[in-house]
Protein chains: 2
Amino acid sequence: MSKDIVLALDVMGGDKGPPMVIRGANIARVRHPNLKFRFYGDKNLINKLLRRYKRLKPISSVYHTDEHVEDDLKPSQALRQRKKSGMNLAISAVRGGDADGIVSAGNTGALMAFAKLSLRTLPGINRPAMVSVFPTERGECVMLDLGANIDCDAQTLVQFAMMGEVFARNVLGVKKPTVGLLNIGSEELKGNETIRQAASMLRDADLPIEFRGFVEGNDIPAGTVDVVVTDGFVGNVALKTAEGVAKLYLEYMRSAFRRGLFSRMGFLLARPALRALRDRIDPRAYNGGTFLGLNGVAVKSHGGTDHKGFANALSVAVDMIEQDVNPKIISELRRLHLDEETNMNKVVV
Amino acid sequence: MSKDIVLALDVMGGDKGPPMVIRGANIARVRHPNLKFRFYGDKNLINKLLRRYKRLKPISSVYHTDEHVEDDLKPSQALRQRKKSGMNLAISAVRGGDADGIVSAGNTGALMAFAKLSLRTLPGINRPAMVSVFPTERGECVMLDLGANIDCDAQTLVQFAMMGEVFARNVLGVKKPTVGLLNIGSEELKGNETIRQAASMLRDADLPIEFRGFVEGNDIPAGTVDVVVTDGFVGNVALKTAEGVAKLYLEYMRSAFRRGLFSRMGFLLARPALRALRDRIDPRAYNGGTFLGLNGVAVKSHGGTDHKGFANALSVAVDMIEQDVNPKIISELRRLHLDEETNMNKVVV
């Protein structure tokens, strides 16, 4: 039987709040029978909700706090004024070894700030990145960073590439993940200095990575590579543009099927297929942005998600923990540094 | 009757080449009876094609050249080695006053470089931007820059905002276009210094612009604002991501309708509605990226488009010319500078 996994949950975060978190935990419990939970938030509310889930209660412990990180609070304010929030207490449980990972649907910036301060980055990693998984024509791909870092130097992008590769290999199960650097099409304008430098580092450093050079925006949904590397500004815009276009097309499709009797009949006939289509592009299936590069597992759920989406975020945390993603990142980095030293020696000798 | 408009066309550009260009011109001729064409390229090929279009021939003149800008040529090489290409000769016709605008489906970087060198930027404009129109939940929006400039300072972004506003008002016919600066969501990380500076300039400068502050990637397809302003790197990634996601969803839809007999029947019944849907998201309808800020009208058609798409790019050029977009940008800028001086005087006195 697999080892117990303890997740610390920020119960008060997310638009749909505590009922969504507790119900999501109950779904995850069925999927992962080795799960245990530590719930952080209003204990009366949590205990009342837990009464509904008879099998969840025995594997849960509840930690009360009155403090909560509001969605509009600046991370700097949160760091100063919300130290006893459920979010930070849950993170502290990971740091203290009482939990294997923390999941929150709350304020992204605050979660990032608390997690960075409390868990610190892995040895050899400059900055943590936010990573998530996208549906593509060929299956799925991983993209990072999605908004944790606006400006990234070349070395940071190279570290993102390595972390993304380890994530794709261990969480997505891709045997030999291919990696691309997000860039723009026009020849002369092939990226700025940072991107060109990162590309040459990835090309020349003899890393254990299948680096495929530059990719463009359309390569993300096309699935040209398994890992798309970019800075947090561009990654965040690409992510949100993709989500917005998906929403637009579903809206277009809905209105197409409302046109006239035949369309409605056609819709009824094709409904099972259309349901399958909707499930396939269900954003809840891709919920759970992980902070990669931290000395601990921290997963951010979409604030607007429901219990199903939150359960998927919990599964992302479980995968990260069970697949030993963090230890693997550390050993990859160590290997890289050893290789670098070996190469140096070659050059020196 | 409206004044004649002369378009200079780079016949050899685009994946589908001369037959696509000439056929597109023939479609545009019907739409805009005041159009005349100057075709630049292989004269034997062009004359042979023109024989098919009896009504196009009399309004066309043909200018022969053997030189052609290949798609993989660097702009710097094109500038040095392809001065007599159809692309550059067509641009020269605009500079010399023999044509009112130039349209090419060829090498984007080279087109930009030749156009910038030959036509120069409008007075008061630092850099030309590439602009295009997108379908949104509420209709259409304009986005710029789409790849002409990787790094933009705050002043350049403010100029883009003004040019985009004039474009939306005159080409899209929006009475009082709203303008947003593309940014990312997380509070602490609300953009870099440049974007924050551009926002404060747009807010404080008392411009004749409905500035709505920051927007995010999902606001583009949502139609939150009429004009989305960003640098060419982010704009290009957002544009191509949106195109890729659209393609992915059409593919998903196709495969959904192939599942089983009922789905196929449903598809047949709903086909007219689905055709309308396809037309609505037809990328050919949104073909034609305009270079804004040049001293002349230059439109870039998608390289992979067909005759219908190319005809739409020609219509974009016609709109730019008939709506006097460039003179209007100049007068807006003049007004802005006068305002600035007036404000300065106020401050000084």
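This dialogue walks through a predicted model of two chains, from overall form to interface.

Student: What should I know about the model before reading it?

Tutor: It is predicted: local features need pLDDT of at least 70, side-chain atom pairs count only at pLDDT 80 or more, and totals for chains, interfaces and linings use all residues. Residues are numbered from 1 along each chain as its sequence is written, while chains are lettered from A and ligands numbered from 1 in the order in which they are written.

Student: How many helices and strands does chain A have?

Tutor: Helices (H or I, at least four residues) and strands (E, at least two) are DSSP runs, numbered from the N terminus. Chain A has twelve helices and eleven strands.

Student: What radius of gyration does chain A have?

Tutor: The radius is taken over C-alpha atoms, and the globule rule is 2.2 Å times the number of residues to the power 0.38. For 349 residues, a compact globule would come near 20 Å; chain A has 21 Å, which agrees. Along the principal axes, its C-alpha atoms fill a box of roughly 70 × 60 × 45 Å.

Student: Which strands does β2(A) pair with, and how do they run?

Tutor: Two strands pair if DSSP finds at least two bridges between them. Strand β1 (residues 5-10) of chain A is joined to β2(A) by six bridges, and the two run parallel. There, D10(A) stands opposite Y40(A). Five bridges join β2(A) to strand β3 (residues 60-64) of chain A, also parallel. In that pairing, G41(A) stands opposite H64(A).

Student: Is β2(A) buried or exposed?

Tutor: A residue is buried if 20 or more other C-beta atoms lie within 10 Å of its own, exposed if 12 or fewer, and partly exposed in between; C-beta atoms are placed from the backbone. Six of the seven residues of β2(A) (residues 35-41) are buried, so the strand is largely enclosed by the rest of the structure. Of the 349 residues of chain A, 54% count as buried. F214(A), in strand β8 (residues 210-215) of chain A, counts as partly exposed because it has 16 C-beta neighbours inside 10 Å.

Student: Which residues touch the most other members of the largest nonpolar core?

Tutor: In soluble globular proteins, nonpolar side chains tend to be buried together. A nonpolar core is a set of buried Ala, Val, Leu, Ile, Met, Phe, Trp, Tyr and Cys residues joined through C-beta atoms within 7 Å. The largest has 221 residues; L9(A), A317(A), L9(B) and A317(B) touch the most other members. Contact means C-beta atoms, placed from the backbone, within 7 Å. Beyond four places in sequence, the contacts of A317(B) include L7(B), G101(B) and V299(B).

Student: How are the two chains related?

Tutor: Copies are superposed by least squares on the C-alpha atoms of residues with pLDDT of at least 70 in both. Chain B can be laid on chain A by a turn of 180° and a shift of 0.0 Å along the axis, with an RMSD of 0.0 Å. The copies are thus related as by a two-fold rotation axis. In chain B, the C-alpha nearest the axis belongs to G266(B), 1.8 Å from it.

How values were computed
Two residues are in contact if their C-beta atoms, placed from the backbone, lie within 7 Å.
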